[in-house]
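Thanks for asking me to look this one over. My notes follow as numbered points, to be read with the structure open beside you.

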Amino acid sequence: MKQIIKFGIIGTIGFCVDASVLVIGVNLFLFSIESSRLISFLCAVFVTWLLNRTFTFSRNQAFSKRKEYILYLIIQSIGAFLNYGIFMMLIYLNGFFEKYLIVSLGISALVAMFFNFFMLRRFVFKTCEY
């Protein structure tokens with residue numbers, strides 16, 4: 001239970017990074033929504049990877065670091081496509097979501113966060129204590 005709370009806290013931090021970079025990209029640098037979203041997502045993934053590796057799944061000894069990283073990267077990449085796909089689908093299907101980007105970002109990030117947690121726990125950090 002402590003692990004999912006840590007994962008959720010780190011996900012919230014990742015969401016803040018994602019939202020901040022997205023808003024700055026669209027409103028300050030006048031990048032397209034798609035470009036800003038891609039940049040913000042990559043920033044958020046990097047931050048959450050560092051934090052999750054250090055705090056959430058720090059007891060993992062099941063794999064070599066190399067294998068663990070490759071599995072982590074694969075799952076995060078799938079989660080990234082899921083997150084980005086849901087975000088883009090929402091803003092293209094409904095003007096409300098295009099107007100309120102943070103709502104779209106929140107929905108896509110939440111779905112991806114649960115996907116990533118359960119996939120990482122099942123395939124990468126399966127021997128950790130919960």
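1. A quick word on terms before we start: contact means heavy atoms within 4.5 Å. The model is a predicted one, in which local features need pLDDT of at least 70 and side-chain atom pairs count only at pLDDT 80 or more, while totals for chains, interfaces and linings use all residues. Residues are numbered from 1 along each chain as its sequence is written, and side-chain values use heavy atoms, with hydrogens and water left out.

2. Let's begin with Asn116, which sits in helix H5; helices here are DSSP runs (H or I, at least four residues), numbered from the N terminus. Asn116 counts as buried at 9% relative accessibility, where buried means under 20% relative accessible area, exposed over 50% and partly exposed in between (1.4 Å probe, protein chains only). Setting aside neighbours within four places in sequence, Asn116 touches Phe7, Ile75, Gln76 and Gly79.

3. Helix H1 covers residues 2–28, 27 residues in total. From first C-alpha to last it reaches 38 Å, close to the 39 Å expected; that expected span is 1.5 Å times one less than the number of residues. Its buried residues include Gln3, Phe7, Asp18 and Leu22. Just after H1, have a look at Leu30, which takes a positive phi of about 60°.

4. How do H1 and H5 cross? Their axes come within 10 Å and cross at roughly 145°, with H5 spanning residues 101–123. Axes are lines fitted to C-alpha atoms, for helices over the stretch in contact, and angles run from 0 to 180 degrees between N-to-C directions. The crossing is right-handed, a label used if the near helix is turned clockwise from the far one by less than a right angle, with anticlockwise giving left-handed. On the H1 side the contact includes Gln3, Phe7, Asp18 and Leu22, and on the H5 side Leu105, Asn116 and Phe117 are among the residues involved. By class, this contact has 14 nonpolar, five polar and two charged residues; Ala, Val, Leu, Ile, Met, Phe, Trp, Tyr, Cys and Pro count as nonpolar, Asp, Glu, Lys and Arg as charged, and the others, Gly among them, as polar.

5. Now to helix H2 (residues 33–56), where you will find Arg37. Is Arg37 buried or exposed? Arg37 is buried, with a relative accessible area of 0%. Beyond its neighbours within four places in sequence, Arg37 is in contact with Asp18, Leu22, Asn83, Tyr84, Phe87, Leu105 and Ser108.

6. Ala44 is also worth a visit: this residue lies in H2 and is buried at 7% relative accessible area. Leaving out neighbours within four places in sequence, Ala44 contacts Gly14, Val17 and Asp18.

7. Finally, the aromatics. Rings of Phe, Tyr and Trp (its six-membered ring) pair if their centres lie within 6.5 Å; planes under 30 degrees apart count as stacked, over 60 as edge-to-face and the rest as tilted. The count comes to seven aromatic pairs. One of them, Phe96 with Phe97, is edge-to-face, at 5.3 Å centre to centre and 80° between the planes. The rings of Phe96 and Tyr100 have centres 5.0 Å apart and planes at 45°, so that pair is tilted. Phe97 is buried at 15%, whereas Phe96 is partly exposed at 41%. Elsewhere, Phe7, Phe57, Phe117 and Phe118 form one aromatic cluster.

Terms used
Helix = DSSP H or I, 4+ residues; strand = E, 2+ residues; numbered from the N terminus.
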